[in-house]
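User: I'm new to this one and would like a quick tour. Could you take me through it?

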Amino acid sequence: MMASSYNAKEEDGHHSGASGPCGAAVKSKKPDNTAFKQQRLPAWQPILTAGTVLPAFFVIGLIFIPIGIGLYVTSNNIKEFEIDYTGIDMSSPCFNCSQNFSWNSTRPCKCSLPFSLDQPFESNVFMYYGLSNFYQNHRRYVKSRDDSQLNGDTFSLTHPSKECEPYRTGSDNKPIAPCGAIANSMFNDTLELYYVDPNGTRTQIELAKKGIAWWTDKHVKFRNPGSNNSNLTASFKGTTKPVNWNKPVYELDSEAENNGFINEDFIVWMRTAALPTFRKLYRIIQRKNSMTPTLPRGNYTLEVTYNYPVRSFEGRKRVILSTISWMGGKNPFLGIAYITVGSVCFFLGVVLLIIHHKYGNRSNNSDIPN
Amino acid sequence: MDSNSVPGHHTPTASPGSYCTHTFLSIQSWATANQEYGFIIDGATLSLVLNPSPDANSSRYKSLFLQICQNCCAVLCCRMAPLQKAQIVRMVKNSKGSPITLSIGDGANDVSMILEAHVGIGIKGKEGRQAVRNSDYAIPKLKHLKKLLLAHGHLYYVRIAHLVQYFFYKNLCFILPQFLYQFFCGYSQQPLYDAAYLTMYNICFTSMPILAYSLLEQHICIEVLMDNATLYREVAKNAMLRWGPFVYWTILGVFQGLLFFFGVRYLFSNPALQDNGQVFGNWSYGTIVFTVLVFTVTLKLALDTRHWTWINHFVIWGSLAFYVFFSFFWGGIIWPFLRQQRLYFVFANMLSSVSAWLVIILLILLSLLPDILLLVFRKPKSHAQQKKPRSPAAGGPQSPQASARPLLMRTFSDESNTVI
């Protein structure tokens, strides 16, 4: 009898507070009887019935297809015009400029490309320059910048980061501002647009250079050193211009608000592109009023000051004129993708509905399938 | 007992070999008659069977004995020395198919058997603590074996197997877009994602949900598991870590990685994604891919979770919220003392673009579509199991190999059969 009672105590493991042979209290190793430790937490088990899943497929299909159609129609309504002006062919106006390139030429090479627009462009027209086979996303290239120098830090201005090597110091060992390969390879072609009306008179189209860079880039990330924007020559004392630039950074623009590091063309260039074929915003053609199209139908001329060499790496240069909608630029991919996915979901919903009707009633009555 | 028992008691005059052969042949002929057999053998006989003797036939005795045992639904060995218990276990371990063995005992004489088997369970018995000290798991009573095996064992296996598969899968999804990007960046090893994202993906954004899953998940609740011992067969033979499930997870990871990368790639054929005409750069590209990635792998886990406690809700939605919060925070200020401000305002700017939102939603849904379909097509099985716990599994035609089931269930369901 005594043995069995001793057994019961031992087996159940009730040692809470029981004293061991030494007389000291032995702590119980039994886990707490809490819901967490005993895996009894209240839980919700999702029961997926046909009633919950099937409507979801139909709903998704019914939402996605109109969105896809909207995207596709919007993208189709965006007008885009592209001109390649690299000058590969002998017949191209810019052929001479692309061949006779040298760094030290003082007289810039100009070429002029005529084109015509079949359709008028309404609302704001955005002018992009596009480059191909230009790997702005190369690792060594992306690293080659100093954001604290570009933020206006005075110490970094004269002591650029090591990542900028070999574009860190210029002639006579002066630090380069802005340092790095990204800044050094800044796009410096000048593009001008002229409208040629039927009599032959050319009118220059006004190109706005404000608002092409991200607001936060222009006002927070990029700051000129020193406190005075108007006297940048003094702020940049002690530094030299990047190797492949014609003018130093404080002469990028006559306007103080667009000079130095906060020059918008410079900021746009410094935002490295994701793919080797990319476009960057160059200018904006503001619409005049809602009645007249911004770019009417007709003949135009593009005047290029061909400064930027791309033949050496088989790159291409082009100008793109595009309108913009709520979804951005012209890209039919998203519209087609949404329509496809919406249709697939709808179709799957129909298929599942058929399967459920044919076999669903049967499975409810059968035994458990093994 | 409705099975025949064949005693294996040794008589000095008969030779063990011929007796074994005769028994085995008898059982073979009777086995097709759909009967169950039990086998009783004592320690002395066993020593003749298992220990090698100068007799040329001795090696056959062991294999014959093994075959007899495999054809019986229950084998009772009594009066065995501790070493013989271990020998039996070793014999079964090395038999064809290499089954996983479990031995349970409460005394010091069970220790060698407990050590020999794959899983050794010790019972805190009246014979002291030796068995417990040498065991992998210790239980106070034999009846606890049922819950240990059917509930905890089953759940533990499912959780661990899912954890392992999920870890490989989420890292495959993570790295494949980065690998594919190399084809577009001149093979220069430019990372697609920002350094902060690379560092924090595995630890901060995707670790807590799977941790909660592997601690709390009950794909079938404990009560149902206890009532239906047959459910244990779902995880037999390492079912969730075989080639089939592994290939499925891998293909899913590859599919999603390809989808993330190329979905955003075709969106970026025109990188002017904002309504003010401004252009996105490479960090925005990487951030879009990363956002889709984090949401997809977390929502995949949400789809796999069948037992939602408050902890699961907290970690899953919390991880996603933490990702968004961190992205705003990381890109929210110009960090002093850092030479690079790569991600400044990138995340917020990405969210201001309708196209970016649309592509994120599309890619998340498309990535999860295979899983949702699988969930729907597999639905009838688990649904029926949840609904009808009291399955009449004991009846129906049984194959001889499956004859172990009724005995298993009888042992576990009848408390009075417990030893202690």
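This is a predicted model: local features need pLDDT of at least 70, side-chain atom pairs count only at pLDDT 80 or more; totals for chains, interfaces and linings use all residues.

User: Which residues of chain B does UniProt list under "transmembrane region"?

Analyst: The unreviewed UniProt entry gives the spans, in the numbering used here, and such annotations may be inferred rather than shown by experiment.

User: How far apart are the end C-alpha atoms of residues 355-377 of chain B?

Analyst: Helices here are DSSP runs (H or I, at least four residues), and strands are E runs of at least two. Residues 355-377 of chain B are 100% helix and 0% strand, and their end C-alpha atoms lie 33 Å apart.

User: How do helix α8 and helix α12 of chain B pack: roughly parallel or roughly antiparallel?

Analyst: Axes are lines fitted to C-alpha atoms, for helices over the stretch in contact, with angles from 0 to 180 degrees between N-to-C directions. Helix α8 (residues 195-205) and helix α12 (residues 282-304) of chain B meet at about 10°, their axes 12 Å apart. Angles under 35 degrees count as roughly parallel, over 145 as roughly antiparallel, 65 to 115 as roughly perpendicular and the rest as oblique. So α8(B) and α12(B) are roughly parallel.

User: Where do the domains of chain B fall?

Analyst: The bounds come from an automatic or database domain assignment. The C-alpha centres of domain 2 and domain 3 of chain B lie 42 Å apart. The assignment gives domain 1 (1-23 + 33-80), domain 2 (94-140) and domain 3 (147-377).

How values were computed
Residues are numbered from 1 along each chain as its sequence is written. Chains are lettered from A and ligands numbered from 1 in the order in which they are written. Side-chain values use heavy atoms; hydrogens and water are left out.
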